[in-house]
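Visitor: Could you show me how to read a structure of this kind, feature by feature?

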Amino acid sequence: SSRLFHPEDIVIRTPHTVIDNNHLIIMAGPCSVESREHILKMAAVAKQGGATVLRGGAFKPRTSPYSFQGLGETGLKYLREAADLNGMDVVTEVMDDEHVPLVAKYTDIFQIGARNMQNFSLLKAVGKTKIPVALKRGMSATIDDLLNAAEYIAAGGNQQIMLIERGIRTFDNKYTRNTFDVAAIPVLQQLTPYPVIADPSHAVGRWDLVTPMAAAGVAAGAAGLMVEIHDDPKRALSDGPQALKPDTYLKMTQQAQAIRTLM
Ligand code: PEP
Ligand code: MN
């Protein structure tokens, strides 16, 4: 996973998206797939803001076992349908190595969540596939921990990897859910050939800070943004407080693309 062995940028191509450090792509959607109707509605909003990748969790790694755990395969079906109807790709989390074949049937990109960044059997399992992997930085992971996690995937033969900075735990996470490590974006780009994506939603956990942190991520050179959206955040089944409503999302993506053109 080091630039020393792979000096050229790795370019990831999914049916509707080219992901590399020279462009800005948008991955947007609700935290969880909540219902067929809802994901269809959110996919249209995501697309309107220029997203080419639809996100949505069907297997959710919730902090509490009593929180909504996702719709499972039914959610994957709804997500795929919503993406196809809008000419978009799918990114969704796979939590368990046993689920890799199931999730592979529906997704264009595997998401490995922060809580699973060092789930080595999962990393090895996706490393044996040819499907691109969006690897999130663990909330207490150093940059070297993240690089070693990526190496587990690459060692299996799959170098279609993108890295996601989604905020880390620091001594002060009273006002924000995590601390957005914006410098990690150019650092990772120097150290690895992989595209680096910024996830301002999980980084701050508050919708009102998502737009400025998205701007910071783009200004730092991110190859893409992963953002959570919801038309009725108060009723969201997960991560409502950080979801952008459609109008805010549309403004955020316009601003982000404008910043990108300055670079
Ligand atoms: C998510 O993308 O909804 C998610 C659970 O993210 P993370 O793994 O970064 O917490
Ligand atoms: Mn979420």
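Guide: UniProt positions are given in the numbering used here, with shortened feature names, and annotations may be inferred rather than shown by experiment. The model is predicted: local features need pLDDT of at least 70 and side-chain atom pairs pLDDT 80 or more, while totals for chains, interfaces and linings use all residues. Residues are numbered from 1 along each chain as its sequence is written, and chains are lettered from A and ligands numbered from 1 in the order written.

Visitor: Which feature does UniProt place at residues 20-256?

Guide: The unreviewed UniProt entry gives "domain: DAHP synthetase I/KDSA" for that stretch. Helices (H or I, at least four residues) and strands (E, at least two) are DSSP runs numbered from the N terminus. Residues 20-256 are 38% helix and 14% strand, and their end C-alpha atoms lie 16 Å apart.

Visitor: Which residues are around ligand 1?

Guide: A residue counts if its C-beta atom, placed from the backbone, lies within 6 Å of the molecule. Around ligand 1 are Cys31, Gly57, Pro61, Gly113, Ala114, Arg115, Lys136, Arg166 and His202. This shell divides into three nonpolar, three polar and three charged residues (nonpolar: Ala, Val, Leu, Ile, Met, Phe, Trp, Tyr, Cys, Pro; charged: Asp, Glu, Lys, Arg; polar: the others, Gly among them).

Visitor: At what angle do the axes of H8 and H9 cross?

Guide: Axes are lines fitted to C-alpha atoms over the stretch in contact, with angles from 0 to 180 degrees between N-to-C directions. Those of H8 (residues 207-219) and H9 (residues 246-261) cross at roughly 20° and come within 9 Å. The two helices are therefore roughly parallel (under 35 degrees; over 145 is roughly antiparallel, 65 to 115 roughly perpendicular, the rest oblique). Contact (C-beta atoms, placed from the backbone, within 7 Å) involves Trp207, Val210 and Ala214 of H8, among others, and H9 residues including Met252, Ile259 and Arg260. Its residues comprise nine nonpolar, three polar and one charged.

Visitor: How do H4 and H5 pack?

Guide: H4 (residues 120-127) and H5 (residues 143-155) pack at about 40°, with axes 7 Å apart. That angle makes H4 oblique to H5. Phe120, Leu123, Lys124, Val126 and Gly127 in H4 meet Ala149, Tyr152, Ile153, Ala154 and Ala155 in H5; eight are nonpolar, one polar and one charged.

Visitor: Which residues of H1 meet H2?

Guide: Arg36, Ile39, Leu40 and Ala43 of H1 meet Tyr78, Leu79, Ala82, Ala83 and Leu85 of H2. This contact has eight nonpolar residues, no polar and one charged.

How values were computed:
Two residues are in contact if their C-beta atoms, placed from the backbone, lie within 7 Å.
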